[in-house]
Every structure is written in structure tokens, then in C-alpha cells.
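Student: Can we go through this one together? I have not looked at it before.
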Amino acid sequence: MTRRPPSPRSTPLLRNETISMQSSRIRKRDPAQPKLSFDPIPVRIEPALALLTERPPLTGDWGWEIKWDGYRLHVHIEGDRVKVLTRNGFDWTSRFPAIAEAARLLGPASMILDGEAVVLDEQGRSDFSLLQKSLGASGRKIGNRASPALFYAFDLLYLDGHDMRQVEYRARRHLLEEALRGHGGASLLSEEVHGDPVELLGHACSLGLEGIVGKRQDSPYRSGRAGDWIKLKCVPSEAFLVVGYEPSTVSRARFGSLLLAAYRDDDLVYVGSVGSGISEQDAIALHKKMGHLPWKRKQPPVPYSGKRNVVWLQPVLIAEVEFRAWTTDEKLRHPSYKGLREFQDNADVYRLDSEL
């Protein structure tokens with residue numbers, strides 16, 4: 001009968017098994033070694049805004065892009081968790097499901113993308129009115145309609161534990177291109193071009209685009225209108241508060257015009273009226289909205305000396321309006337109505353003292 005070999009004896013971890021295990025003493029960090037910083041992902045970042053200019057700069061290193069006609073968004077990605085935030089911080093993830101799904105495919109990296117949600121027309125141009133229709137936009141009312149909008153990303157504000165806002169734009173741009181390389185769907189790269197901005201603007205206008213945006217290559221990301229980003233438009237358009245309307249003498253379902261206001265410091269200033277561009281469908285929706293909500297008031301919310309028959313409103317609706325220029329008395333010249341901004345989007349209402 002074969003004898004079973006004896007089982008090997010285990011070697012104790014410590015020579016003296018009665019002594020408890022202890023870790024070695026932690027040594028101080030070698031100051032010559034690099035520090036690996038970690039920045040928590042920001043909950044919200046106030047967006048950088050482009051300053052409207054009439055002429056391109058004569059000096060500096062600038063990159064140029066198409067000016068998209070849509071809604072400014074920040075897309076926050078943390079693994080498979082995605083949030084789509086408007087410029088005012090409202091969560092519109094459910095309203096842009098295609099954008100959110102495309103963003104999830106960019107994970108597991110954590111990042112914050114800055115860009116614009118747009119809907120393209122048959123010629124491939126961004127169309128603000130089509131975007132509004134896709135959302136079921138109605139001004140103040142929050143809709144539940146999901147939009148098939150695309151997201152054109154043009155900046156990278158956070159990447160894998162690093163706040164990128166103090167990094168110069170050209171480096172942020174390079175990292176953005178790498179992050180989006182090979183991805184498609186609803187997350188696209190807003191292409192950058194280098195060239196004569198006068199020629200680029202002329203080409204953009206000939207294609208029916210809104211204009212171009214220039215970004216200083218060596219600039220950090222600064223919230224607000226710091227001048228690092230500028231915009232040149234084919235036809236200027238800005239956001240104005242609706243402070244009243246002039247009833248139509250032809251149809252109860254139409255308007256003679258909408259009366260508009262801008263800010264000067266903290267005060268509202270009347271800047272004229274708009275009647276062009278308001279379709280029959282727009283007029284019916286606006287008339288229904290203004291007739292059923294308690295926004296009417298007896299006194300105008302702005303200084304007004306005109307003689308029109310005006311129904312005054314609380315200044316809560318924000319209209320996007322195209323115009324050709326300003327008159328000498330600071331009124332809009334040849335304005336045309338484009339649509340209402342969503343209340344949650346809270347577009348930047350025009351300020352007379354900042355751009356005139």
C-alpha cells in the first residue's frame with residue numbers, strides 16, 4: 001500500500017505568529033515627483049459668449065467656424081450618465097434623446113462638451129424655426145416633445161478629472177477632435193477653418209448661413225462676452241423681450257405687430273416693433289397664448305410715447321428677431337420675426353449699453 005505524501009506546511013506570514021500584522025511606515029512624498037491633480041466635474045458652467053462685431057480683427061491668431069442657428073447646450077458625460085443642459089442650467093436630456101444617446105457612446109471618459117443643438121433644412125443649413133417646431137416650443141410652456149436635433153460640439157471644458165478652462169483654445173480644440181474621432185450619430189464636430197474671415201463670411205452668406213464665429217487660439221475659456229470669441233453675421237439677429245402687441249385690424253387671429261424691448265443696465269428700453277415674418281400659424285399660437293395667460297397690464301413696462309392701440313404685456317416672452325441695422329434713435333431697422341425662445345433656454349436678451 002502506497003503511503004500518501006505528507007501535506008506541505010504553510011509558511012507563516014510573520015515569523016512570530018503571536019504578533020499582529022502591521023504595515024510599514026508611510027514615507028513622506030518626494031517633492032521632486034509630479035503632482036497628479038484631480039478636479040471634480042463642475043455641476044454647471046456659465047457659457048462663453050461671442051461678441052457681435054461688424055468687422056473681423058486685424059491682428060491675432062483666430063480660428064473660424066460656421067455660426068449655428070440653434071440652442072446652446074453643454075453635454076455632461078460621466079461614464080454612462082449623461083446630462084444635456086441649456087445655457088441657463090435646465091436639464092433637457094429627455095428633450096434631446098438622440099444627442100444624449102450619442103454622448104453615451106463617447107464614454108467611459110468623463111467630459112463636458114460645449115456646442116449647439118440644431119435641426120438642418122434640406123440644404124444642410126441650421127434652421128431655428130425647424131428646431132422650434134421639433135421641440136413643440138411654445139414660449140413659457142414646458143413641452144414633452146423629443147427633438148431629433150443634432151449636436152455640433154465646438155469646445156471641450158472638462159476631460160477625465162481635468163478642468164480644461166484655463167488651457168488655451170487650440171489645445172482644447174485638439175483634444176475635442178480626438179474625443180470625437182470615429183464617432184457619428186447626433187454628436188458631430190463643428191469644423192474649424194483658417195483663412196481670410198472676409199472671404200469666409202461672404203461664402204457663408206452666399207450659402208444662406210447665419211454667419212461665422214471667430215475664436216482666439218491662445219485664449220482660455222471665459223464665461224460671458226470677454227472678447228475671446230466674436231461673431232460676424234450676414235443678417236443680425238438677437239433676442240428681445242415682448243412687451244406688448246398691436247391688434248390687427250384685419251383678423252382677430254393676427255397681430256399688427258409685436259412691441260419689443262432690450263436692456264440698458266437694469267432698465268427696459270423700447271426698441272421698436274416687428275410684424276414681418278409672423279406666419280398665420282405663429283399668429284394663431286401667439287394670440288391664443290397671450291389671450292389666455294394673465295400677462296396683460298394697463299401700463300406699459302417701458303417708457304413709451306407712441307399713439308398706437310397697444311395691449312401691454314408682462315415682459316416674459318423672448319422673441320428672436322432678425323434686423324438689418326439700428327436707427328439713430330436706437331430702433332430696429334427692417335426687423336423680421338424668427339420665433340419665440342423657450343423660457344428654459346433663457347436666451348441672452350439684447351443689451352443696448354454693451355453692443356451699441
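Student: Let's start with Lys67. Is Lys67 buried or exposed?
Tutor: Lys67 counts as buried, because its relative accessibility is 15% and the cut-off for buried is under 20%. Keep in mind that this is a predicted model.

Student: Where in the chain is Lys67 found?
Tutor: Lys67 is in a loop. That loop runs between strand 2 (62-66) and strand 3 (71-78).

Student: And what is Lys67 in contact with, leaving aside its neighbours within four places in sequence?
Tutor: Ser126, Glu210, Gly211, Ile212, Val213, Lys231 and Lys233.

Student: Which side chain makes a polar contact with the side chain of Lys67?
Tutor: The side chain of Glu210 does, at 3.5 Å.

Student: Okay, zoom out. How many helices and strands are there in the chain?
Tutor: Six helices and 18 strands. The chain has 356 residues, and 44% of them are buried.

Student: What share of the contacts with a separation of 6 or more comes from residues 24 or more positions apart?
Tutor: Those residues account for 69% of such contacts.

Student: Now helix 2. Which residues are buried there?
Tutor: Helix 2 covers residues 128-135, and its buried residues are Phe128, Leu131, Gln132, Ser134 and Leu135. They sit on the same side of the helix, because they cover an arc of only 160° around the axis.

Student: Why would residues three or four places apart point the same way?
Tutor: An α-helix has 3.6 residues a turn, so residues at that spacing point the same way.

Student: What covers the buried residues of helix 2?
Tutor: The cover includes strand 3, strand 5 (110-118), strand 15 (311-322) and strand 18 (336-340).

Student: And just after helix 2, which residue takes a positive phi?
Tutor: Gly136, with a phi of about 65°.

Student: Switching to strand 6. How many of its residues are buried?
Tutor: Nine of its 10 residues, so strand 6 (residues 150-159) is mostly covered.

Student: In what sense do strand 5 and strand 6 pair, parallel or antiparallel?
Tutor: Antiparallel, over eight bridges. Glu116 stands opposite Tyr152 of strand 6.

Student: Then how does strand 6 pair with strand 8?
Tutor: In the parallel sense, over three bridges. Ala153 stands opposite Leu189 of strand 8.

Student: Which residue in strand 7 is the bridge partner of Leu159?
Tutor: His162. Strand 7 is residues 162-163, and it pairs with strand 6 in the antiparallel sense over two bridges. Two residues lie between the strands in this hairpin, and Asp160 takes a positive phi near 45°.

Student: Back to strand 8. Is Ser187 buried or exposed?
Tutor: Ser187 lies in strand 8 (residues 187-189). It counts as buried, at 4% relative accessibility. Beyond its neighbours within four places in sequence, Ser187 is in contact with Ile99, Ala102, Ala103 and Phe151.

Student: How far is its C-alpha atom from that of Ala149?
Tutor: The C-alpha atoms of Ser187 and Ala149 are separated by 9.7 Å. The two residues are 38 residues apart along the chain.

Student: Last topic, confidence. What is the mean pLDDT of the chain?
Tutor: The mean is 84, and 83% of the residues reach 70 or more.

Student: Where does pLDDT stay under 50?
Tutor: Residues 10-19 are one such stretch, with five contacts beyond four places in sequence. Over residues 138-143 the pLDDT is below 50 too, and that stretch has 19 contacts beyond near neighbours in sequence.

Technical notes: Residues are numbered from 1 along each chain as its sequence is written. This is a predicted model: local features need pLDDT of at least 70, side-chain atom pairs count only at pLDDT 80 or more; totals for chains, interfaces and linings use all residues. Side-chain values use heavy atoms; hydrogens and water are left out. Helices (H or I, at least four residues) and strands (E, at least two) are DSSP runs, numbered from the N terminus. Buried means under 20% relative accessible area, exposed over 50%, partly exposed in between (1.4 Å probe, protein chains only). Contact means heavy atoms within 4.5 Å. A polar contact is a pair of N or O atoms within 3.5 Å; within protein, one must be able to donate a hydrogen and the other to accept it, and residues adjacent in sequence count only if both atoms are side-chain atoms. The arc is that of the directions from the helix axis to the C-beta atoms. pLDDT is the predictor's confidence in each residue, from 0 to 100. Two strands pair if DSSP finds at least two bridges between them.
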